[in-house]
Amino acid sequence: MTKRTRRRRILYLAASLFFTLVALLIVVGGGGWWVLSHPQTPVPPHWNPLRDLTVTAPVTPVTAYQLRRALGDEAQCRAALSAAEVVFEPMDELVVDRNCGIAGRGLLSGLTTARIEAVETSCTTTLRLALWEHHVVQPAAREILGTDVRTLRHVGSYNCRRMRTAQGQDSGWSSHATADAIDIIGLQLGDGRSLILLTDWDTPGPEAAFLHRIGRGACDWFRVVLGPDYNRLHADHFHLQGPGWGFCR
């Protein structure tokens, strides 16, 4: 993780904590609760900690609090995806054993703008991916490449297995064992160009700049992000993982 990214994340977390505390103080005040909870409140939903997350709303310090609530409540998670027109078809929960399975299971095939090759994953992974696509991937594509992203390409989300290391040894259970991660290998652009991490990551030019931008930006929405700069096992993909202590490389 670069110093700039680390500083940005620290500031964002500090601001999120500050606004959460302010919101709690307002709520305790009684009158503030009425202002925030009134159906015609003047406080915009993306600034109101009592409102549910909207995927396509502008990002504010309150967004992190709303996201935590949605990640902890499957009904809120699915409602946020539905409101953003994310194509995530419900499926029965998958229970294999205490290490493997998918809670909040569904079949994902479309994000807010881009398609994604149909993948079985969790609601929480889908929600993080939708936020990344809308707030990072599409803006970066328009700014750097002058087009949008039509399709995200991946190599899967759920895989009942242990973690792999550069030494080839298994460690603890992988986040893929519960579909709490997804691996993105490339993108198809609206103008017909196809970007692949394995070949385009280190090739000088706007395509590489775009890939580096969205890799760094994924750290705002996923707790663990591993890419080509991490090790040879990730030379061809972004590993985007929901749970974790916070690691971006």
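Ala, Val, Leu, Ile, Met, Phe, Trp, Tyr, Cys and Pro count here as nonpolar, Asp, Glu, Lys and Arg as charged, and the others, Gly among them, as polar. By this scheme, the lining of the largest pocket divides into 10 nonpolar, 16 polar and 3 charged residues. The structure is a predicted model, in which local features need pLDDT of at least 70, side-chain atom pairs count only at pLDDT 80 or more, and totals for chains, interfaces and linings use all residues. Residues are numbered from 1 along each chain as its sequence is written, and side-chain values use heavy atoms, without hydrogens or water.

Helices (H or I, at least four residues) and strands (E, at least two) are DSSP runs, numbered from the N terminus. Two strands pair if DSSP finds at least two bridges between them. Strand β4 (residues 105-110) is joined to β1 (residues 87-90) by 4 bridges, and the two run antiparallel. Here phenylalanine 88 stands opposite leucine 108. Strand β4 also pairs with β5 (residues 115-122), in the antiparallel sense, over 5 bridges. Leucine 107 stands opposite glutamate 120 of β5. A hairpin of 4 residues joins β4 to β5.

Helix α4 (residues 74-83) has two sides. Gln76, Cys77, Ala80 and Leu81 are buried (under 20% relative accessible area, 1.4 Å probe, protein chains only). These residues lie on the same side of α4 because they cover an arc of only 135° around the axis, taken from the directions from the helix axis to the C-beta atoms. On the other side, Ala75, Ser82 and Ala83 are exposed (over 50%). The buried residues of α4 pack against α3 (61-71), β1 and α5 (123-145), with contact meaning heavy atoms within 4.5 Å.
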